[in-house]
Amino acid sequence: MDLHLKIWRQNGPADAGHFEDYEAVGINADMSFLEMLDVINEGLIDDGREPIVFDSDCREGICGTCGLMINGQAHGPEKGTATCQLHMRKFSHGDQVVIEPFRAAAFPVIRDLMVDRSPLDAVVAAGGYISANTGSAVDANSIQIPKTAADAAMDAAACIGCGACVAACPNSAGQLFTAAKIAHLNLLPQGQAERWSRTENMVETMEEFFGSCTNHGECEQACPKEISIDFIAYMNRDYIKAKVKNRKLIGQQ
Ligand code: SF4
Ligand code: FES
């Protein structure tokens, strides 16, 4: 198939940026969206022009580094699918496809389609870990975990940290990402020791970088891992509890 592409080009953070038109000719329907961009880049390199800069790593929907606005949708038109797993069969011969970087004040453009998503790392660094003795490998079943809790923690742990929830939100809120990162630890026995400090630190770090949640629900729609906004309610509940419990613990010191 042949496609008309409008792609955002930006020389660096200080450049205003603009759209450029490209023709994608003879694209195979079984290619991924990123493979289609690889074809465009090979043509640009052959012509001695600058290739289009975009992020990717695993290309199998796990690492969260890919992420583009495709025709105005974070990760494009297929629900529950990261950009790297979107296939060209979702498009038709002759389509126009507009490709932009994720747009959010917390995600400044580095170059072309690549953005700086380090505020997501700052949220995780504020508490998205457990201080468990990892020693030698223990029997996987030595800590009994109720199936409902294990399933919910696993659903939250599916977050790949791509930032599409932020890009899709009219407020550029970081709630869905932060809620997923908090819930997958707070739901498990191993996560209890730091539950309240983790929740307070991660939520307050999130608030330094991202806008406020006003329950639009766009994050859930854009999420390639279909993380539920129910986790935001869970995070909010734990945050209120944390404010009380952390104060009590300080009083005991
Ligand atoms: S919650 Fe979904 S959209 Fe947000 S960072 Fe995680 S995987 Fe990406
Ligand atoms: S490149 Fe890793 S999730 Fe897309």
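Which residues have the most contacts inside the largest nonpolar core? Let me start there. They are L5, F33, M36, L37, I99, F107 and L113, and that core has 65 residues. By nonpolar core I mean a set of buried Ala, Val, Leu, Ile, Met, Phe, Trp, Tyr and Cys residues joined through side-chain atoms within 4.5 Å. Buried is under 20% relative accessible area, exposed is over 50%, and partly exposed is in between, with a 1.4 Å probe and protein chains only.

Quick housekeeping. This is a predicted model, so local features need pLDDT of at least 70 and side-chain atom pairs count only at pLDDT 80 or more, while totals for chains, interfaces and linings use all residues. Residues are numbered from 1 along each chain as its sequence is written, chains are lettered from A and ligands numbered from 1 in the order in which they are written, and side-chain values use heavy atoms, with hydrogens and water left out.

Okay, the overall picture. We've got eight helices and seven strands; those are DSSP runs, H or I of at least four residues for helices and E of at least two for strands, numbered from the N terminus. The C-alpha atoms fill a box of roughly 70 × 40 × 35 Å along the principal axes. Of the 253 residues, 43% are buried.

Leaving out residues up to four places away in sequence, F107 touches F102, V115, D116, R117, L120, G163, V166 and F210, where contact means heavy atoms within 4.5 Å.

Now the salt bridges: a side-chain nitrogen of Lys or Arg within 4 Å of a carboxyl oxygen of Asp or Glu. The structure holds 11. Take D21 and K6, at 2.9 Å, N to O. D21 sits in strand β2 (residues 18-24) and K6 in strand β1 (residues 3-9), so the pair ties together parts 15 residues apart in sequence. D21 is exposed, at 53% relative accessible area, whereas K6 is partly exposed at 26%.

Next, R89 and D30 meet at 3.1 Å, N to O. This pair links distant parts of the chain, 59 residues apart: R89 is in the loop between β4 and β5, D30 in the loop between β2 and α1. Both R89 and D30 are exposed.

And then E204 with K243, with the closest N and O atoms 2.8 Å apart. E204 is in helix α6 (residues 195-209) and K243 in helix α8 (residues 230-251), so parts 39 residues apart in sequence get tied together. E204 is partly exposed at 30%, and K243 is partly exposed at 30% too. E200 joins E204 and K243 in a network of salt bridges.
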